[in-house]
Amino acid sequence: MNCPEEVSFNVKDGFLDAALRGFRRGLISAQEYRNLGQCDSLDDLKLQLVNNHCNTDFESEFLNETASLHTSTFFANCSNKLVDDFNRIRYQASEPVSTFLNFLTHGHMIDNVILVISGKNHELDLKVLLDKCHPLGLFDSISSLTVPSTMNDLYRLVLADSPLSPYFGECTSDINLDELNLEFMRSKLYKEWNQEMLAIAYLKEFLAFCYKLDGGTSALMRNILYFEADRRAINITMNSSGIDLSPDSRCLVLSKYGTLYTRGQFELAQFEVPERIRAAMRKDPTFCSMSTSLIVYSEDFIERILCEQEMKFCDTTFQEQFNYATFYGCLKRREQEIRNIVWVAECISQGQKHKVNDGIVLNM
Amino acid sequence: MGRYDDVRRAGGLNINPSGGIIDWRYLAFLFENVDPYFFASAGVAAAIGLSVLGAAWGILIAGSSLIGAAVRTPSLASKNLISIIFCEAVAVYGVVVAVVLSTKTTVAPIRLPDGSYSPRAMASGYATFAAGLTVGLANLFCGVCVGVVGSAAALADAQNPTLFVKVLVIEIFGSALGLFGVIVAIIMSGSIDFKGA
């Protein structure tokens, strides 16, 4: 088992790895986005997408669509296609790729669980909620999430059997911090708090799994997951900016690893003015270049810069061969592509075509 | 078995008189008594066996990537068959050298009265073995090298077709490595002479 990856990787995973490169070629390029932006109506956009010049990924999906077009149709069609492709890859995968791919869906599962639970608290219809869930993150018992009434029952009855049980297990055991919990509850951050704790547990497990894999995978995934943790830290800081929380309790929500953890997280936790976040980011080489481009401070802008950075990371996975990070990179690129298409569709349907280029994130 | 008897008469086979882990004198004695024809045959086996192992491994590496990349871009399959052919060439080198070596190992050498073989025959046996090992190992690693580069060529082609020719140049250099082994093996095989022994 100790032979170099170059020699042994392709025996099991060469086919899937190469298949992903094909997907990457199918991604819509900057030029093609410009062409898409020229469309006058959603019907035009659909034709353009079906057209061979663009990504043929959508072809079969769109031809069946006869009803009037909404932006949500674009989202639904594209994500269905993504889920199809993902599952096709997953069914052919053997260990440890299949576990790796399962990890990729867990992030969406967590989001879905939080969505359903918080939707239930606001007494929304289950069917509406399930429609809103990301299709990659659906699992068998998700519809029974609304049955239990307490967090303990929820874990015991529903989540213990789901793939998410390890993360919840870690979270619920961690919650002996009742006062803190209350503080978050009062501050209306309860949803974010849960989601954040889960996501951190998830990233931790994922990282531990990646460390067990070969050198190339763990090195690349370490960078990516550290960045993901940092991104969450920045996001939660921005979301909680208007809320009165002590820096200490804020630190607890932030992940305990990542490049910002050692260097700038405390500044981040004390974040009150926009300057602070920049100061925290400047301490880390990855974020340093970004913080200098943060001339205009706004949440959207930071969001966009972080997104671009993530796409850069995803692209580097394609520069290397014989590792599993490509699977992660490919999935994220496809998800971003869907967001881009939805943005274009949104711009067209609202008649704001001049904004098309503002929302598209890509890095070729 | 003359020499063996000599050793026995001189006080029996005293295993390891020097006290080390390996008794080198006894080992040398064993080697001297191995038939040079065995070395020659082992050389031929190494030449073809290791070469085919390298070629097969290379095809495995390049082929799996090629098939995967061809899922979305079928046109790439025929173009990238050249990688497979390069790997195949590695096995052909092994076949060529194995044929050359085995045609030279014709007459079984005769033992001299004291049980050993003539220096000529022993030199021929060792030369055949070394030539076979040279070409075998050279082609084993050459095959893996061409396979890895070939799989990179398929992946590069899938992402950006203009890269194909550039990677192909690297692949050609890789496949030249096996040829070096072949040249050295052919030169070595020039000293093989079982008939004159």
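From the N terminus on, the elements of chain B run α-α-α-α-α-α-α, amounting to seven helices and zero strands; helices (H or I, at least four residues) and strands (E, at least two) are DSSP runs, numbered from the N terminus. The model is a predicted one, in which local features need pLDDT of at least 70 and side-chain atom pairs count only at pLDDT 80 or more, whereas totals for chains, interfaces and linings use all residues. Residues are numbered from 1 along each chain as its sequence is written, and chains are lettered from A and ligands numbered from 1 in the order in which they are written.

Of the 197 residues in chain B, 41% are buried, a residue being buried if 20 or more other C-beta atoms, placed from the backbone, lie within 10 Å of its own. Among contacts (C-beta atoms, placed from the backbone, within 7 Å) in chain B between residues at least 6 apart in sequence, 87% join residues at least 24 apart.

Helix α5 of chain B (residues 81-104) has 24 residues and reaches 35 Å from its first C-alpha to its last, close to the 34 Å expected at 1.5 Å a residue; the expected span is 1.5 Å times one less than the number of residues. Buried residues in α5(B) include Phe86(B), Val90(B), Tyr93(B), Val97(B) and Leu101(B). The cover over the buried residues of α5(B) includes α3, α6 and α7 (164-189) of chain B.

The axes of α5(B) and α7(B) come within 10 Å and cross at roughly 0°, where axes are lines fitted to C-alpha atoms over the stretch in contact and angles run from 0 to 180 degrees between N-to-C directions. The two helices α5(B) and α7(B) are therefore roughly parallel, a term for angles under 35 degrees. The residues of this contact divide into 14 nonpolar, four polar and two charged; Ala, Val, Leu, Ile, Met, Phe, Trp, Tyr, Cys and Pro count as nonpolar, Asp, Glu, Lys and Arg as charged, and the others, Gly among them, as polar.

Between the chains, 18 residues of chain B are in contact with 18 residues of chain A. Helices α3 (36-69) and α6 (119-159) of chain B each supply at least two residues of the side that touches chain A, and α6(B) gives the most, with eight residues.

Conventions
Two residues are in contact if their C-beta atoms, placed from the backbone, lie within 7 Å. A residue is buried if 20 or more other C-beta atoms lie within 10 Å of its own, exposed if 12 or fewer, and partly exposed in between; C-beta atoms are placed from the backbone. Angles under 35 degrees count as roughly parallel, over 145 as roughly antiparallel, 65 to 115 as roughly perpendicular and the rest as oblique.
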